[in-house]
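I opened a new entry for this fold.

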Amino acid sequence: MEFKVLKDILSANDQIAEENHELLDNNKVFAINVMSSPGSGKTSTILQTIKGLKGKVKIAVIEGDVSSSIDAEKISKEGILALQINTGGECHLDANMLNRAINNLPLADIDLLFIENVGNLICTAEFQLGMHKNLVISSTAEGDDKPLKYPLMFTVADVVLINKMDLSPYLNFDANAYKNAVKALNQRAEIFEISCTTGQGVDDWLAWIKKQMDVE
Ligand SMILES: Nc1nc2c(ncn2[C@@H]2O[C@H](COP(=O)(O)OP(=O)(O)O)[C@@H](O)[C@H]2O)c(=O)[nH]1
Ligand SMILES: [Mg+2]
């Protein structure tokens, strides 16, 4: 019974996710759903991307958090449109929340839309939002076993970033073990090693986005 209820909720969600996808496509907005555990570097990655693509692409950000608008304020300070969704306790964004948010955005003036999902590696992966790509971020400080512990997250990823590479000399993060674990779940996802603090590897990540969006 419980299973059936969950299935019904998910199929209703998927229908709205399809609507979201169509709405974004009709307005030529490329949208990325950013997922990770709290503190891996979602906001930092979005800020680095804004810095790298400013003047080339028009960016907007939807911030999903259980509460507060701290991240939306950080984005707004860069002169970028940021919309905050507070889930009020829910551990993930769903397609309906996104539908309301994107209907409140000036889509015709946006090329690239980031969705910063609620920080966790479990339920965020279960809810389709209708975005174009799923970005999953891990940081070296979390350990290299996350793909083994949270397989669904890494199965739905289209691209994976290993952030905080500047800290790796102080940690025992085995990048090869991590990458092999991701590849065992998902052959499709490209993996980049970056540091939002030093800027290491960020150009490779920016090149990936530019390729997806077909911009120079
Ligand atoms: N050393 C180091 N710290 C980082 C890096 N990226 C982010 N941080 C720090 O990690 C903390 C969490 O980052 P944040 O982007 O807010 O993570 P979020 O919760 O996933 O959005 C902040 O204090 C950042 O300054 C990095 O590459 N290296
Ligand atoms: Mg954040």
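**Ligand shell**

I began with ligand 1. Helix α2, residues 42–53, is the top contributor to its shell and supplies 3 residues. I kept in mind that this is a predicted model.

Which residues come nearest to ligand 1? I listed the shell and found 16 residues around the ligand, with K42, T43, S44, C196 and T197 nearest. I then sorted the shell by residue class. It holds 10 polar, 3 charged and 3 nonpolar residues.

**The sheet**

Next I counted secondary structure elements. The protein has 7 strands and 8 helices.

In what order do the 7 strands lie in the sheet? I read off β3-β2-β4-β1-β5-β6-β7, an open sheet with parallel pairing. I checked the edges next: β3 (81–86) and β7 (190–193) each pair on one side only. From one strand to the next, the twist averages 20 degrees.

I took one pair for a closer look. Strand β1 (residues 30–36) runs parallel to strand β4 (residues 112–116), and 5 bridges join them. Within this pair I looked up A31, which stands opposite L113 in β4.

Then I asked which strands helix α8 touches. Helix α8, residues 202–213, packs on the sheet and touches β1, β4, β5 (133–139), β6 (159–163) and β7. I noted its direction too: about 145 degrees to that of β7.

**One residue, I70**

I70 lies in helix α3, which covers residues 70–76.

Is I70 buried or exposed? I counted 11 C-beta neighbours inside 10 Å. The cut-off for exposed is 12 or fewer, so I70 counts as exposed.

I also took one distance from I70. Its C-alpha atom is 9.2 Å from that of Q84, a residue 14 positions away along the chain.

**Whole chain**

The C-alpha trace spans about 50 × 45 × 35 Å along its principal axes.

Why does the radius of gyration agree with a compact globule? For 216 residues the rule gives a value near 17 Å, and the protein has 17 Å, so the two agree.

I looked up burial as well. Buried residues account for 39% of the 216 residues.

Last, I went through the contacts between residues at least 6 apart in sequence. Of these, 75% join residues at least 24 apart.

Conventions. Residues are numbered from 1 along each chain as its sequence is written. Chains are lettered from A and ligands numbered from 1 in the order in which they are written. This is a predicted model: local features need pLDDT of at least 70, side-chain atom pairs count only at pLDDT 80 or more; totals for chains, interfaces and linings use all residues. Helices (H or I, at least four residues) and strands (E, at least two) are DSSP runs, numbered from the N terminus. A residue is buried if 20 or more other C-beta atoms lie within 10 Å of its own, exposed if 12 or fewer, and partly exposed in between; C-beta atoms are placed from the backbone. A residue is near a molecule or strand if its C-beta atom, placed from the backbone, lies within 6 Å of it. Ala, Val, Leu, Ile, Met, Phe, Trp, Tyr, Cys and Pro count as nonpolar, Asp, Glu, Lys and Arg as charged, and the others, Gly among them, as polar. Two strands pair if DSSP finds at least two bridges between them. Axes are lines fitted to C-alpha atoms, for helices over the stretch in contact, and angles run from 0 to 180 degrees between N-to-C directions. Two residues are in contact if their C-beta atoms, placed from the backbone, lie within 7 Å. The radius of gyration is taken over C-alpha atoms; the globule rule is 2.2 Å times the number of residues to the power 0.38.
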